Amino acid sequence: LPYFFVYCLLGLGYNLQYGLAGINNVANYSFVAFGAYMAAVTTLGPSNNFLQSYILGTSIAWPLPLLVGAAAGALTSLVLGFIFLWRLRHQYQAIVTLVVAQVIWLLVGNNTGLFNGYNGLAGVPQPLESVVNLAPIPYEAFFVGIAAFCALLGFAFMRRVVRSPLGRVLRTIREDESVASCFGRNVFRQQMSAFMVAGAMAGLAGGLLVEYLGSWTPSGWTVYEGFVVIAALIIGGTANNIGAALGAFIVPVAIYELTGFIPPFGPVNAQTIDAFRWIAIGLVALLFLWFRPQGVLPEARRHFRLVDRILAGQEPIPGKGLSLSEAVHGSDAASDAKDATQ
């Protein structure tokens, strides 16, 4: 359940930048990593805790570390956005973001003074653990409530965005940037806004992950983890919030987590199960790309009911008091009505 709600938040953020805005970002999990690292270093306290070396080294009250993680994800996306959103077209964005993600991974891993290098951070306290003072199993349920609350907030926010004028502008940019520019839209600014909001959601998800796991290392945010989020959105349905949540259940939970409960038998051991797990995710994603690229729940078509009623003759033209039939076939104000209809 914690993984499901965290990946719901991740899927909703990625749905904003890829499903709505059409940004091909493979480095999305790097925003998760920076959110996790910043949430950890603002919770662990002074450096050299458990012989670890890291920046900041403070301990602030919860939920401020989560907000710091969200801010770190937004700031990282702002920096990366200026690198590849400014000049690159869609077909080159995936290549550049893949390279950038690998460079960031190497820099963090080889710089021990930043986030303790490849050893990573450990001993991150769980939120409000000393306040609620619960046994391990009841605390698991408490943390599920925290993760569910964050996921529901993200879902409500994304629901408003999809139905807002911003959502319509982003869909226009996704389909044709030139058309959006012709109508006076600043394509770069709109894409950057979506990119930063998605980065903030990814950073928040990273903060939840590190507080749940208690540790974070470079081995936990490779390209494979980013592929899980992409596959979940492809399978669930792009530009569909419920589809993003469904994909978060199918891929990270049903395929990845639940297969961990398969007991070893015969030649099948834990390593074999892990290998087949990644093969299964890749095969399912390929099958959907071949036979149902819109996903389980495709993007909902938007209807403008007022325009439909005007075209059906059920509603007068606003400001004229004439039906479409009257405007076409003539009336005292036929010429004005025709102009308004056009």
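Tutor: The expected span of a helix is 1.5 Å times one less than its number of residues, and helices here are DSSP runs (H or I, at least four residues) numbered from the N terminus. A quick word on the model: it's predicted, so local features need pLDDT of at least 70 and side-chain atom pairs count only at pLDDT 80 or more, while totals for chains, interfaces and linings use all residues. Residues are numbered from 1 along each chain as its sequence is written, and side-chain values use heavy atoms, leaving out hydrogens and water.

Student: What makes the span of helix α3 agree with what it should be?

Tutor: Helix α3 covers residues 64–84, and at 1.5 Å a residue its 21 residues should span 30 Å. Its end C-alpha atoms are 30 Å apart, so the two agree.

Student: Which residues of α3 are buried, and what covers them?

Tutor: Among them are Pro 65, Gly 69, Ala 72, Thr 76, Leu 80 and Phe 84. The cover includes α2 (28–41), α4 and α10 (187–213).

Student: Why is Thr 76 called buried?

Tutor: Buried means under 20% relative accessible area (exposed is over 50%, partly exposed in between, with a 1.4 Å probe and protein chains only). Thr 76 has 13%, so it counts as buried. A polar atom of the Thr 76 side chain lies 2.7 Å from the backbone oxygen of Ala 72. Leaving aside residues up to four places away in sequence, Thr 76 touches Phe 31 and Phe 34; contact means heavy atoms within 4.5 Å.

Student: And how do you know whether Thr 97 is buried or exposed?

Tutor: Its relative accessibility is 1%, so Thr 97 goes down as buried. Thr 97 sits in helix α4 (residues 90–110). Its side chain reaches the backbone nitrogen of Val 26 at 3.0 Å. Not counting residues up to four places away in sequence, what Thr 97 touches includes Asn 24, Ala 27 and Phe 84.

Student: What makes Arg 189 exposed?

Tutor: Its relative accessible area is 53%, so Arg 189 is exposed. Arg 189 belongs to helix α10.

Student: Why is α7 called roughly perpendicular to α8?

Tutor: The axes of helix α7 (residues 136–163) and α8 come within 4 Å and cross at roughly 70°. That makes α7 roughly perpendicular to α8, because angles of 65 to 115 degrees get that name (under 35 is roughly parallel, over 145 roughly antiparallel, and the rest oblique). Residues making this contact include Val 161 and Arg 163 of α7, and Pro 165 and Arg 171 of α8.

Student: Then why is α1 oblique to α8?

Tutor: Helix α1 (residues 2–20) and helix α8 (residues 165–175) pack at about 50°, with their axes 8 Å apart. That angle makes α1 oblique to α8. Leu 16, Gly 19 and Leu 20 of α1 meet Leu 170, Arg 171 and Arg 174 of α8.

Student: What is the phi of Asn 133, and why is it worth a look?

Tutor: Asn 133 isn't a glycine, yet has a positive phi of about 55°. That stands out because most residues other than glycine have a negative phi. Asn 133 lies in the loop between α6 (129–132) and α7, and at 64% relative accessible area Asn 133 is exposed.

Student: Which peptide bond is cis?

Tutor: The one from Trp 62 to Pro 63, with omega near 15°. Pro 63 is in the loop between α2 and α3.

Technical notes. Axes are lines fitted to C-alpha atoms, for helices over the stretch in contact, and angles run from 0 to 180 degrees between N-to-C directions. Helices (H or I, at least four residues) and strands (E, at least two) are DSSP runs, numbered from the N terminus. A polar contact is a pair of N or O atoms within 3.5 Å; within protein, one must be able to donate a hydrogen and the other to accept it, and residues adjacent in sequence count only if both atoms are side-chain atoms.
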